[in-house]
Structures are given as structure tokens and as C-alpha cells.
Amino acid sequence: MRHALAPGTGDPAGFAVDDCSTQRNLDVRGREQARRTGDALRGAGVTFDLVWTSQWCRARDTALLMEMGDVKEKPPLNSFFAGRGDRAGQTAAALDLIAELPADERLLIVTHQVNITALTGRGVGSGEIIVTRRTGDGLEMVDRFLVAP
């Protein structure tokens, strides 16, 4: 899942991962989108065994507001937009983490557009979920889900 609506692009020059005031954050619509997405998933009987998120506040806040389970930060899911990280290294590390899970574990990942595109080859809107299954070659998209902001 890409984090819910957080208007703008990238992060300000003084960005610090441990200080939300230096980051682009969810706005009122984004916080509501995250809550409604969690409500819609629970209403459809969707559950997750694990919820992983980027350390960026907008991703972590989305995961927390969805209330789909205990949220665990995973640094490989951090954004690498505009050279902030290591696309190849983080993508490989994320795939390794996923591959370590038992085949029947249901995982929700809340991260960023660049990460999702690197993992799936698909573009994704704010708050959109790309439903995937594991294959021998990585992740294969099987569906999409979006609660509009």
C-alpha cells in the first residue's frame, strides 16, 4: 500500500526521519482515507498477520490509522525518492524479508510509490493497495484496491 494522501512531492530540505515536523505528512483527507481504508478492509473480513511500514511518518501514520494490527517499522521500506536511499539494495532487502515469511502469512506493507513500483513494476496512487502474491521471480499483482481521499 502506498501511504494515504500527503499533498506535495518528496520531503523538505531539512528532512529527518525521526522528526515528523520536517516531513511531508498526511493531511486531514489523508488521515480520513487511512481510517476509511481500514474500515473497508475490516468490513470485508480482510485481516493481516503482519503490518510493516516505512519509518517515514506519513507511511507509519497510515498504518496506525488503519488499525489492521501491530505496526512494525522496516527500514528497507523507507523511500528512496530523489536519491534518499538505495533503490536496488532496499528492494532486494524488502524481497528477502518477504521471502522469509511462511507462505500463508498475510502481510500489509505501507510504503511509498517508488518502493511499490520497484517491487511490482506498477504505479500506485495515494492510499492505493496493490494486492500481490509471491512467485519465484518476486511479486505478481493480482488486484488493486483504493478508497478515494
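**Around helix α2**

Modeller: The buried residues of α2 are Cys 57, Arg 58, Ala 59, Thr 62, Ala 63 and Met 66. Buried means under 20% relative accessible area, exposed means over 50%, and partly exposed is in between, using a 1.4 Å probe and protein chains only. Helices (H or I, at least four residues) and strands (E, at least two) are DSSP runs, numbered from the N terminus.

Colleague: Before we go on, what sort of model is this?

Modeller: It's a predicted model, where local features need pLDDT of at least 70 and side-chain atom pairs count only at pLDDT 80 or more, while totals for chains, interfaces and linings use all residues. Residues are numbered from 1 along each chain as its sequence is written, and side-chain values use heavy atoms, with hydrogens and water left out.

Colleague: OK. What covers the buried residues of α2?

Modeller: The cover includes α1, β1 (50-53), β2 (71-73) and β3 (107-110). Contact here means heavy atoms within 4.5 Å.

Colleague: How do α1 and α2 cross?

Modeller: The axes of α1 (residues 28-43) and α2 (residues 57-66) come within 7 Å and cross at roughly 45°. That makes α1 oblique to α2. Angles under 35 degrees count as roughly parallel, over 145 as roughly antiparallel, 65 to 115 as roughly perpendicular, and the rest as oblique. Axes are lines fitted to C-alpha atoms, for helices over the stretch in contact, and angles run from 0 to 180 degrees between N-to-C directions.

Colleague: Which residues make the contact?

Modeller: From α1 you have Arg 31, Ala 34, Arg 35, Thr 37, Gly 38, Leu 41 and Arg 42, and from α2 there are Thr 62, Leu 65 and Met 66. By class, that contact has four nonpolar, three polar and three charged residues. Ala, Val, Leu, Ile, Met, Phe, Trp, Tyr, Cys and Pro count as nonpolar, Asp, Glu, Lys and Arg as charged, and the others, Gly among them, as polar.

Colleague: New topic. How many disulfides does a search of the whole structure find?

Modeller: One. Cys 20 and Cys 57 form it, with their sulfur atoms 1.9 Å apart; the cut-off for such a pair is within 2.5 Å. Cys 20 lies in the segment before α1 and Cys 57 in helix α2, so the bond ties together parts that are 37 residues apart in sequence. The torsion about the S-S bond is about -85°, so this disulfide is left-handed.

Colleague: Are those two cysteines buried or exposed?

Modeller: Cys 57 is buried, at 1% relative accessible area, while Cys 20 counts as partly exposed at 29%.

Colleague: And what comes after α2?

Modeller: Glu 67 does, in the loop between α2 and β2. Glu 67 has a positive phi of about 55° although it isn't a glycine. Most residues other than glycine have a negative phi. With 59% relative accessibility, Glu 67 counts as exposed.

Colleague: Now the other helix pair. At what angle do α3 and α4 pack?

Modeller: α3 (residues 87-99) and α4 (residues 113-120) pack at about 65°, with their axes 10 Å apart. They are therefore roughly perpendicular to each other.

Colleague: Which residues meet there?

Modeller: Arg 87, Gln 90, Thr 91, Ala 94 and Leu 95 in α3 meet Asn 115, Ala 118 and Leu 119 in α4. That contact has four nonpolar, three polar and one charged residues.
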